[in-house]
Amino acid sequence: MFKNYIKLAFKVLARRKFFTFISLFGISLTLMILMTITAFIDSELGAHPPISDIDKMAFINEVSKKRIRIDSSYTRDTTLVNGVSKIDSTLNVREVNDMTSTSSASFSVLDKNFRKLPYIENYSFFSYGQVYDVFKNNSKFALKSIYVDAAYWQVFDFPFLEGGPYSKQSIQNQEQIVIINKKTKEAYFGDLEQVLGEEIILDGKHYQVVGVVDDFGNSRPFIKSDLYLPYTHIPSDILNNPDVLGSFEAVFTLEKSSRIKGVKAEVKRIIGGIPLPADQEFNTLEIAPLTLSEAYSKSLIYNEDASKSQWYMILILSGLLGLFIFLPTINLININVTRILERSSEIGARKAFGANRTNLVGQFVFENVILTLIGGIIGLILALILLNIINSSEVLGDGKLLFQGSTFVYSFLITMLFGIVSGLIPAWRMSKIHIVNALKENVS
Amino acid sequence: MIQLNNISKVYKTKTIETLALDNINLSVEKGEFLSIMGPSGCGKSTLLNIIGLLDEPSSGMINISDQAILEYKSKALAKFRNQKLGFIFQSFHLINDLSVIDNVELPLIYRNIGSSERKKLAEEALESVGLKNRMKHFPSQLSGGQKQRVAIARAIVGKPEIILADEPTGNLDSVMGGEVMDILLKLNKENSTTIVMVTHDKLMAEKTHKLIRLFDGSQVN
């Protein structure tokens, strides 16, 4: 039966060239966009190196100092009682925040308070460094840097092309070493195949290359850098800054993802005991560990409560994805109704010779799934071309859209859903046509 | 074989009711060739559709092969049509996108018969109507008479007990019509297939065992 269906599906597609073109155009364009969006989300929030343990990661990337004070006010209501005006006053007391200072954390606040959190397997403190202007081969280019500790290379599983991470000892010894990314290797060393042991000059200082990491899709700044330097190169006055605000962030690997609540509670308890500098007017400290998706959402849709940011983000993304799927599906349903209506004679003949509703629905859905699969393949090719264009044009800055296996699986599932839904509704409607009416519609 | 008791069919719209069949009683024996005649709009095709379970009567009883068909649900009716009935339509109703042999295989598909067996049976059916050499052609490549012979092959491929033919020669010239009629007569004679045929052609009707006439939905003698 399926052989027959396949044969018929291709015949119908070849016969109705215009419908086929319109359908394929809509399907492939929609799927191209969906696959690109899926690739983007997967690249940014998927569990791939160097953040394979994404589900178990928590970040402290923001510290807020606030001045909270008690504010009181009166509400006056005037009412008429027995023709006489009466004034009723209500005292309102509430907390108001009239000053906030937010930044990354200082090394000292992390160092003193967050090295012994419960439910943690590993952790790393790191700081965004300066952008170095580097001159080489008569050209100037800017290299972003990040200062990291030894655990950074355990928490994040960077794909190394050459060499490997530096040790705790090397960091403590303040060795002049650096790990670079592939882009920097190519820009700085040109065609040189092995660059281990070679030197990079940054602000007049010589740093020996001990590792080269491969490209990856994610554009998060805590992993995407041109230079990875030991944090001990940061001037000691910065490391010893007693303020709670600074340039450091922390990443924790939890025992399991569900421990995030426990860690959040513990951090909340700890910050209650962290003294704020006496010379400042702040009286409240806020530090909340966030999951990557919470941190990501908060950076795009700011809300003090990161879980709300995440919720808004999910709503917006679902809405957009829904629209991208829903509108073309409605369109395809309409096209399919017209396409199937033209085949009422066939529906009549099939019913007369024993086809039941399930047979007919199965046949038309099958045909539509084949059409959608063809559209899916075209969409896949278009998506790969689009991803290549996006990556080579660097419109996403350091971000790269990688087409992973999971993207293909999601896209395939979306394609199948698209095909089944847009085929099922018209097929069900058409299968209900009365045989006599179907046979009257047109003739062959 | 076929027993119709007090069959009536009323088409209702919001403003009007049309009585298409009025109290039809009919009995067709196994192996009988019955023709139904009457002027256009007298209810011939409606009666044939009701016998063929393509339409439901407004009232009355139908028994086919001693089974009270009107009690069947749609899925069971589809199965019954598939196994017991074969249809030949005036306008053929072949599927243009399928080859001749694929068209003939159609009823067997819904019996879940394997493809090689289907092919064998379809070839036999096409051979019996003299079109085995055209089995890879498409309906658009055939003449009207050839199309109707393909339609007959499709109707007989599942070896149904009853064939229902709605003006099978109506769209054909006299030579082709004669050829189609000869095939039907042969089927009836050699296989004892029960045939009910609607026709306008008196000469064709006279070749059958029994003739009934309809006028304004009623059976007349």
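A residue is called buried here when its relative accessible area is under 20%. Keep that cut-off in mind on this tour of a predicted model.

**Stop 1: a strand inside chain A**

Select residues 177-181 of chain A, which form strand β7. Five of the five residues of β7(A) are buried, so the strand is largely enclosed by the rest of the structure. Turn the view until the side chains can be told apart. A:I177, A:I179 and A:N181 point one way from β7(A), while A:V178 and A:I180 point the other way. In a regular strand, side chains alternate between the two faces of the sheet.

Strand β9, residues 205-213 of chain A, pairs with β7(A) in the parallel sense over five bridges. Strand β10, residues 227-230 of chain A, runs antiparallel to β7(A) and is joined to it by two bridges. Which residues are the bridge partners of A:I180? In β9(A) the partner is A:V212, and in β10(A) it is A:L227.

**Stop 2: strand β4 and its partners**

Move to residues 120-136 of chain A, strand β4. Seven bridges connect β4(A) to strand β12, residues 248-254 of chain A, and the two run antiparallel. To find one point of this pairing, select A:Y123, which stands opposite A:F252 in β12(A).

Next show residues 139-148 of chain A, strand β5. β4(A) and β5(A) are antiparallel, with nine bridges between them. A:Y132 has A:L143 in β5(A) as its bridge partner. The hairpin of these strands has two residues between them, and A:N137 takes a positive phi near 50 degrees there.

**Stop 3: charged pairs**

Side chains of opposite charge can pair when their charged atoms come close. Over all chains, the count comes to 26 salt bridges.

Begin with A:K56 and A:E121, whose closest N and O atoms are 3.5 Å apart. A:K56 sits in the loop between α2 and β1 of chain A and A:E121 in strand β4 of chain A, 65 residues apart. With 22% relative accessibility, A:K56 counts as partly exposed.

Then select A:K65 and A:D243, which form a salt bridge at 3.3 Å, N to O. A:K65 belongs to strand β2 of chain A and A:D243 to the loop between α7 and β11 of chain A, so the pair ties together parts 178 residues apart in sequence. Are these two residues buried or exposed? A:K65 counts as buried at 3% relative accessibility, and A:D243 counts as buried at 17%.

Switch to chain B for B:E105 and B:R118, a salt bridge at 3.0 Å, N to O. B:E105 is in helix α3 of chain B and B:R118 in helix α4 of chain B, so this pair ties together parts 13 residues apart in sequence. Both B:E105 and B:R118 are buried. For a network, select A:R67, A:R69, A:D71, A:R94, A:D98 and A:E281, which are joined by salt bridges that share partners.

**Stop 4: where the chains meet**

Show both chains together. In this interface, 27 residues of chain A are in contact with 29 residues of chain B. The two chains bury about 2600 Å² between them, 59% of it on carbon and sulfur atoms. On the side of chain A that touches chain B, at least two residues each come from α1 (2-15), α11 (344-352), α12 (357-393) and α14 (435-441). The residues of that side divide into eleven nonpolar, ten polar and six charged.

How many salt bridges are there between chain A and chain B? The count is zero. Five residue pairs are in polar contact across the interface.

Definitions and conventions
Residues are numbered from 1 along each chain as its sequence is written. Chains are lettered from A and ligands numbered from 1 in the order in which they are written. This is a predicted model: local features need pLDDT of at least 70, side-chain atom pairs count only at pLDDT 80 or more; totals for chains, interfaces and linings use all residues. Side-chain values use heavy atoms; hydrogens and water are left out. Contact means heavy atoms within 4.5 Å. Buried area is the accessible area (1.4 Å probe) that two parts lose on being put together, summed over both. A salt bridge is a side-chain nitrogen of Lys or Arg within 4 Å of a carboxyl oxygen of Asp or Glu. A polar contact is a pair of N or O atoms within 3.5 Å; within protein, one must be able to donate a hydrogen and the other to accept it, and residues adjacent in sequence count only if both atoms are side-chain atoms. Helices (H or I, at least four residues) and strands (E, at least two) are DSSP runs, numbered from the N terminus. Ala, Val, Leu, Ile, Met, Phe, Trp, Tyr, Cys and Pro count as nonpolar, Asp, Glu, Lys and Arg as charged, and the others, Gly among them, as polar. Two strands pair if DSSP finds at least two bridges between them. Buried means under 20% relative accessible area, exposed over 50%, partly exposed in between (1.4 Å probe, protein chains only).
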